[in-house]
Amino acid sequence: MEQMENKKLPTRVEVALNYITGEIAKGNLNPGDKLPNEKELAEKLGISRTPIREAMKTLAVSGLIETRHGHGNYIRKDEGTAVMPLMMFQLYLQDSSPEMLMELRYIFDRNCAELASIRRTDRDLAIMRESIDRLKVLSEDPNSPIEKLLEADLDFHRAVYAAAGNKLIVVIADFVLNMVAPWVRKSLEVSGRYRAVGLHEKMYAMIRDQKTGLLSRESVEANMEHFMSSLKIPAA
């Protein structure tokens with residue numbers, strides 16, 4: 001009950017976004033369809049036209065709709081239509097709490113690491129190794145830019161996703177990784193700069209030695225526990 005009482009109410013812009021993306025998801029709006037105008041949407045949702053306008057801008061930036069000046073807003077109908085579900089997924093991620101994102105990242109990292117253990121190639125291992133070596137050099141220099149540390153950290157995880165050998169996983173996992181990147185950066189700033197190398201080495205060794213099951217999960221859990229504790233996020 002307390003959790004429900006503390007649940008954040010959606011903003012007016014979120015109300016508009018949720019309605020439009022919901023209509024797309026249900027098939028009531030399809031590629032090429034024209035959206036109702038601002039006045040119609042405002043009356044239907046019981047809000048002013050300003051949040052409707054802001055929602056349209058967000059949808060346009062995400063690639064879900066296109067604005068034809070003088071004609072209105074339309075659901076995109078071109079080569080981008082094939083990635084529409086991913087665009088909607090990214091839109092939902094932007095409104096997620098850190099805890100939700102961490103749980104989602106844990107699911108991807110745990111399963112990708114196990115698949116990588118089974119499918120990794122020598123080239124995959126070489127890319128992971130280079131990322132860790134780069135991270136180690138940067139972590140030993142207190143003057144290293146945090147952006148470079150973050151880049152090396154994310155490159156390692158992307159290499160793990162790639163080694164899983166599934167293009168769909170790579171695309172979706174990368175969306176999630178991009179969304180948690182600000183928290184990865186903060187973790188490196190707080191305490192991860194010096195521990196990150198050892199934690200990544202542990203995951204790398206598990207993948208190199210093709211360990212699966214509990215042994216696979218242990219290395220991922222060690223990474224996630226440190227990550228969440230450095231940000232004071234409760235463990236899942």
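I began at S139, which lies in helix α7, residues 122-139. Helices here are DSSP runs of H or I with at least four residues, strands are runs of E with at least two, and both are numbered from the N terminus. I noted what I was working with: this is a predicted model, where local features need pLDDT of at least 70, side-chain atom pairs count only at pLDDT 80 or more, and totals for chains, interfaces and linings use all residues. Residues are numbered from 1 along each chain as its sequence is written, and side-chain values use heavy atoms, with hydrogens and water left out.

**S139**

Is S139 buried or exposed? S139 counts as buried, because its relative accessibility is 6%. The cut-offs are under 20% relative accessible area for buried, over 50% for exposed, and in between for partly exposed (1.4 Å probe, protein chains only). I then looked up its contacts, meaning heavy atoms within 4.5 Å. Setting aside neighbours within four places in sequence, S139 is in contact with L149, R193, Y194 and V197.

**The chain as a whole**

I stepped back to count. The chain holds 10 helices and 2 strands. Along the sequence the order reads α-α-α-α-β-β-α-α-α-α-α-α. The chain has 236 residues, and 42% of them count as buried. I also checked the contacts between residues at least 6 apart in sequence: 72% of these join residues at least 24 apart. The accessible surface comes to about 13,200 Å², with 54% of it belonging to carbon and sulfur atoms. That area comes from the Shrake-Rupley method with a 1.4 Å probe, and for residues only the protein chains shown count as cover.

Next I went to Y161, in helix α8 (residues 146-163). Y161 is buried, because its relative accessible area is 3%. Which residues does Y161 touch, not counting those up to four places away in sequence? I found D109, C112, V170, A173, D174 and L177. Y161 and V171 are 10 residues apart along the chain, and their C-alpha atoms are separated by 9.0 Å.

A173 counts as buried, because its relative accessibility is 1%. Beyond neighbours within four places in sequence, A173 is in contact with F108 and Y161. A173 and C112 are 61 residues apart along the chain, with 8.9 Å between their C-alpha atoms.

The expected span is 1.5 Å times one less than the number of residues. Buried residues of α6 include F108, D109 and C112, as well as L101, M102, R105 and Y106.

**Helix α2**

I checked α2 in the same manner. Its 14 residues (12-25) should span 20 Å at 1.5 Å a residue, and the end C-alpha atoms are 20 Å apart, which agrees. Its buried residues are E14, A16, L17, I20, T21, G22, E23 and I24. I kept one rule in mind: an α-helix has 3.6 residues a turn, so residues three or four places apart point the same way. After α2 comes G27, with a positive phi near 85°.

R49 is in helix α4 (residues 49-62). R49 is partly exposed, because its relative accessible area is 44%. Not counting residues up to four places away in sequence, R49 touches E38, K39 and A42. R49 and V13 are 36 residues apart in sequence, and 9.9 Å apart C-alpha to C-alpha.

Q210 lies in the loop between α9 (167-208) and α10 (214-230). Q210 is not a glycine, yet its phi is positive, about 55°. Q210 is partly exposed, at 42% relative accessibility.

N37 lies in the loop between α2 and α3 (38-45). N37 is partly exposed, with a relative accessible area of 41%. Its C-alpha is 6.9 Å from that of G72, 35 residues away along the chain.

Which residues line the second largest pocket? I listed K34, L35, P36, N37, E38, M56, T67, R68, H71, G72 and N73. Strands β1 (65-68) and β2 (72-75) each supply at least two of the lining residues. By class I noted 3 nonpolar, 5 polar and 3 charged residues.

Technical notes
On a 1 Å grid over the protein atoms alone, a cavity is a set of points where a 1.4 Å probe fits but cannot get out, and a pocket is an open set with protein on both sides within 12 Å along at least five of seven lines; lining residues have an atom within 4 Å of a point. Ala, Val, Leu, Ile, Met, Phe, Trp, Tyr, Cys and Pro count as nonpolar, Asp, Glu, Lys and Arg as charged, and the others, Gly among them, as polar.
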